[in-house]
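Visitor: I am new to reading protein models. Could you walk me through this one?

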Amino acid sequence: MVVAGWICSLAALLSLTFTVTHSHRVEVDTYRVSAGRLFLLRCHIAAAHTKVTWSRGGSRNRSLPAGVEVRNGLLWFLPLQTSHNGTYICENRMDGASLSMELGVSVSSGECPEPAETKTITQGMSSGLPCQQIEIFRLMKPQSIRWLKDCQPLKRQGEPISINDDGFMRLPLASEQDAGKYTCLIDVSLDGKMYTSAHSIQLKIDWTNKLFPEPEVVYPQQEVVVVKVGARVELKCLAYAGVSEDNEILMYWTVNESYTEDHEELDESWKYTKAKGRVYCVSTLSISKVLHQFLNVPIRCHVMNPVGGNDGLVWLQEADHSALHTSVALCLTASLMIFGLAAAFLFCKIDLVLVYRELMRHFSKQQDGKLYDAYVSVLYPDTLSSAESFALKILPEELEKQYGYSLYIRGRDDCPGEAMHDIIASTVQRCRRLILILSAEAKSSTDDKTEEHLVLNDPNQLCFEQKVGLHDALTKNEPQVILIEIDGPVDYSHIPESLRFIKRKQGALKWKSTSLETHKLKSNRRFWKNLRYHMPSVPAGTRQTVI
């Protein structure tokens, strides 16, 4: 009986072993791969660090083909070739028992292998796809991880995808456009060579059980719109609706808790729009005429779907024109002030300049090598005329005595017997201004005479200083020429062209000679201010150097 029992137990064990082995050989898992790629095949019936024997199935020659190696219990294809197509058997011997498993390898010639599995994601949900190459990440450090869609570089509208370090691709808010074949590519370096492994997954989008996201009003959010009573206004509302258009979404407006149908001035419409893979609802509230009852009351934009609802708030306020009136008044005031200041400067420019000179006189320093402030000369002096009296008496009394200017007056400061031309030329060059006094009395004495005739017949009254000064003034702009007219208007037709040019360019000062004895009266105050304005800013008699 004991022997019979032992024989029955042995027969049952052998039967169980045969059944397990037979079961694994019948169920063949097939892996779909591409030629030229790196592929690692794992024996699922063997634990880690156990001895596994690999052989090729389906033929009498069970040896592994070229390019296929066994490392760490895994079958390495370095890389895959079309000749590697077929089945492979892994055998695990442990505790006297032998377990074997047959695995299929289907090698295609395309760049991307056929999908080995299919995954379904509900439309509108955020999910992702695994890279499914665990052994690669466990044994090697990837150089780069890439995903392709339909064997093309992945390009997605809307929110972009993201890839984790383990190759998992996150797909936010899945839409119908995301369906397709996805391939995960991993670049690795092995034995000094670069290899790329590939795994494909077919993605389907289930739109029959789509998920409604909660709607959200993007705009308005506590907005204030300034309007004019009686005018036409349009209010816009933008709300997020999800990833697809749906008839179950509702959008409408209320004004002070009442519907727009209660007011004939109100009309609303809405439509869908897409941006970056998302669907938005755009609603427009048209107000044909703004009434007072629409002001300062809550105007809400509502959006609803089976999940929930949301609303945005906007207020209408009447335009405040007081700020506009204040701005206009300020602009007008500023403009009038600027205009007034400009006019005051134009009319008082000379007085302002003279005051500034007076204030800055003690702080100014001028070292130009000049000895005199002005050279005074009378044009064509024949007799003791009013022009000569003005040059010899009135002018020095005012400029020299009152304001400290240093004048060289022809006929007063020259010495007889000197080399006249040399002295005059040297003196003119040492003066800052050349004052030429023109008198209407000289008209009769110069009629029918040319400048050359005057030069030849009157060498002492040659006006040589005038010729030297005018030449330097026209060629070097130094000294500056000041023309003074006395005894009424001067006929410039009998005057040299050089003086006519200066007259046209800068004009002349006019002395009111009603009475030479009353030159200090108010009628000539403007003349003296204009003359001082054209004179040097710092008189030679008061000039000092500030250290």
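Visitor: In which helix is Glu135 found?

Guide: First, the ground rules: this is a predicted model, where local features need pLDDT of at least 70, side-chain atom pairs count only at pLDDT 80 or more, and totals for chains, interfaces and linings use all residues. Residues are numbered from 1 along each chain as its sequence is written, and side-chain values use heavy atoms, with hydrogens and water left out. Helices (H or I, at least four residues) and strands (E, at least two) are DSSP runs, numbered from the N terminus. The run covering residues 134–139 holds Glu135, and that is helix 2.

Visitor: Is Glu135 buried or exposed?

Guide: Buried means under 20% relative accessible area, exposed means over 50%, and partly exposed lies in between (1.4 Å probe, protein chains only). The relative accessible area of Glu135 is 14%. That puts Glu135 in the class called buried.

Visitor: Which residues are linked with Glu135 in a network of salt bridges?

Guide: A salt bridge is a side-chain nitrogen of Lys or Arg within 4 Å of a carboxyl oxygen of Asp or Glu. Glu135 belongs to a network of such bridges. The residues linked with Glu135 there are Arg42 and Arg138.

Visitor: Which residues is Glu135 in contact with, leaving aside its neighbours within four places in sequence?

Guide: Contact means heavy atoms within 4.5 Å. Neighbours within four places in sequence are left aside here. The contacts of Glu135 are then Leu40, Arg42 and Leu74.

Visitor: How many residues apart in sequence are Arg300 and Asp311?

Guide: Arg300 and Asp311 form a salt bridge, with the closest N and O atoms 3.5 Å apart. Arg300 lies in strand 23 and Asp311 in strand 24, so the pair ties together parts of the chain whose separation is 11 residues.

Visitor: Is Glu485 buried or exposed?

Guide: Glu485 forms a salt bridge with Lys510, the closest N and O atoms being 2.8 Å apart. The pair links distant parts of the chain, with Glu485 in strand 28 and Lys510 in strand 29. Lys510 is exposed at 53%. Glu485 has a relative accessible area of 4%, so Glu485 is buried.

Visitor: How many bridges join strand 21 to strand 22?

Guide: Two strands pair if DSSP finds at least two bridges between them. Strand 21 and strand 22 run antiparallel. Lys274 stands opposite Val279 in strand 22. The number of bridges joining the two strands is 10.

Visitor: Which residue takes a positive phi in the hairpin of strand 21 and strand 22?

Guide: This hairpin has 2 residues between the strands. The positive phi is near 55°. The residue is Lys276.

Visitor: What kind of aromatic pair do Trp270 and Tyr272 form?

Guide: Rings of Phe, Tyr and Trp (its six-membered ring) pair if their centres lie within 6.5 Å; planes under 30 degrees apart count as stacked, over 60 as edge-to-face and the rest as tilted. A search of the whole structure finds 14 aromatic pairs. For Trp270 and Tyr272, the centres are 5.4 Å apart and the angle between the planes is 65°. The pair is edge-to-face.

Visitor: What kind of aromatic pair do Phe390 and Trp528 form?

Guide: Phe390 is in helix 4 and Trp528 in helix 10, 138 residues apart. Phe390 is buried at 0%, and Trp528 is buried at 6%. Their ring centres lie 6.4 Å apart, with 15° between the planes. The pair is stacked.
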